[in-house]
Amino acid sequence: MRGVMANVLQDIGRGDEADAAYLEGMHVTGARLKVAKAYGAYLMRGNDYERGPDYYKDRMPEGQRRFIPYENSSAENLKSLEQLFIIGEQGVGDQLALLNLLRIAPIDFTKLPVRYVAEDRFIKALAGNAYGLEIIDRKNFGAHSSGFKTNELMYLGDLVRYVDPANHAAHQGPWLSPDATRMRHLRTKYERLADGGPIIGAAWNSGAMVGHLRSVSLMDLLECVPDGALVVNLQYGDCKAEIEAARQARPGVSIFDDPEVNQMTDLAGFFAQIGATDRVLTIDNTTAHACGALGHPDTHTLIPAGSECMWYWGETGDRDPWYGNLALYRQEAHGDWSKPLAVLKKTLCS
């Protein structure tokens, strides 16, 4: 309850009290876990990478740490290995964000075989990645159980220990390339539909438990789109009713929901779809992280205030500190999107 209150205190701008609430929550329970993860993220969002990783590491229960200890991510261990299995964490967007950490990890990818354990839709999606990672379906990971030592396993998020707050450029830059053939195919199709207009990808909703705090309506984003544009739906989930309503309200804009691409089952196709767009307008969801990992050059991302502002976005600035290529439009007040949407509209439509 104190951890939840810490989030609420952030949302209403009482950060000093939030800090105390996190510490109290961990003290009362005698365990860190989710509160430690949230507190570590809170500290890192404020650019405190001296204390933040120490709390963030305690996000894993003791039972899991017995099998994959934090010490496995130490430079001494990583430099001693003959192979490494990295265990993916959280959802697709967070995994794409955390994979940027491999740029600064003390791992020699030219000499050390590195395998990334994740859900199967990552296998094609991460093909040809800049790190040379081999992707293993987590469902089949047991087949490798006799082929590694305990110190050859590492949680991906443990690498936050290597972030240098004075040198964010070290972990920035694209590390993924979309499938060129699929991207050309989709681009050709979208150019035909656009008939000379700009091709703009859009994602506006988060399905997470408190995803409504990050979300806007499709009509909100369309206010930032000129007549004559083709808007390609990059939003996951069933949004047919909202798209149809938007078509009625904005007849001068074409909205295309491509049946050929389903990001929930076909991440590789989704990455190619993003690569086929001129511009992307998105909230902080998988689309934003895919654009960051791909290095999409014209991506505009709405960032919430308070506790829903993820740690890797930092607290200030209109250029993202994590990937380096996203333009950020931040809420000034929790729950109020009017200012960032107005700035976005002025930037794109003036």
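**View 1. Ile-86 finds its bridge partner in S4: Met-154.** Strand S1 (residues 84-87) and S4 run parallel, joined by 3 bridges. Strands here are DSSP runs (E, at least two residues), numbered from the N terminus. This is a predicted model, where local features need pLDDT of at least 70, side-chain atom pairs count only at pLDDT 80 or more, and totals for chains, interfaces and linings use all residues. Residues are numbered from 1 along each chain as its sequence is written, and side-chain values use heavy atoms, leaving out hydrogens and water.

**View 2. The open sheet of 4 strands, ordered S3-S2-S1-S4, has parallel pairing.** Two strands pair if DSSP finds at least two bridges between them. Strand S3 (134-137) and strand S4 (153-155) sit at the edges with a single partner strand each, so one side of each has no neighbour in the sheet.

**View 3. Helix H12 (residues 267-275) meets helix H13 (residues 286-294), their axes coming within 10 Å and crossing at roughly 70 degrees.** Helices are DSSP runs too (H or I, at least four residues); axes are lines fitted to C-alpha atoms over the stretch in contact, with angles from 0 to 180 degrees between N-to-C directions. On the H12 side, Phe-270, Phe-271 and Ile-274 make the contact (heavy atoms within 4.5 Å), while H13 brings Thr-286, Thr-287, Ala-290, Cys-291 and Leu-294.

**View 4. Cys-291 is buried, with a relative accessible area of 0%.** Buried means under 20% relative accessible area (1.4 Å probe, protein chains only). Cys-309 is buried as well, at 7%. Its sulfur lies 18 Å from the closest cysteine sulfur, in Cys-291, which is too far for a bond.

Definitions and conventions: Buried means under 20% relative accessible area, exposed over 50%, partly exposed in between (1.4 Å probe, protein chains only). A disulfide is a pair of cysteine sulfur atoms within 2.5 Å.
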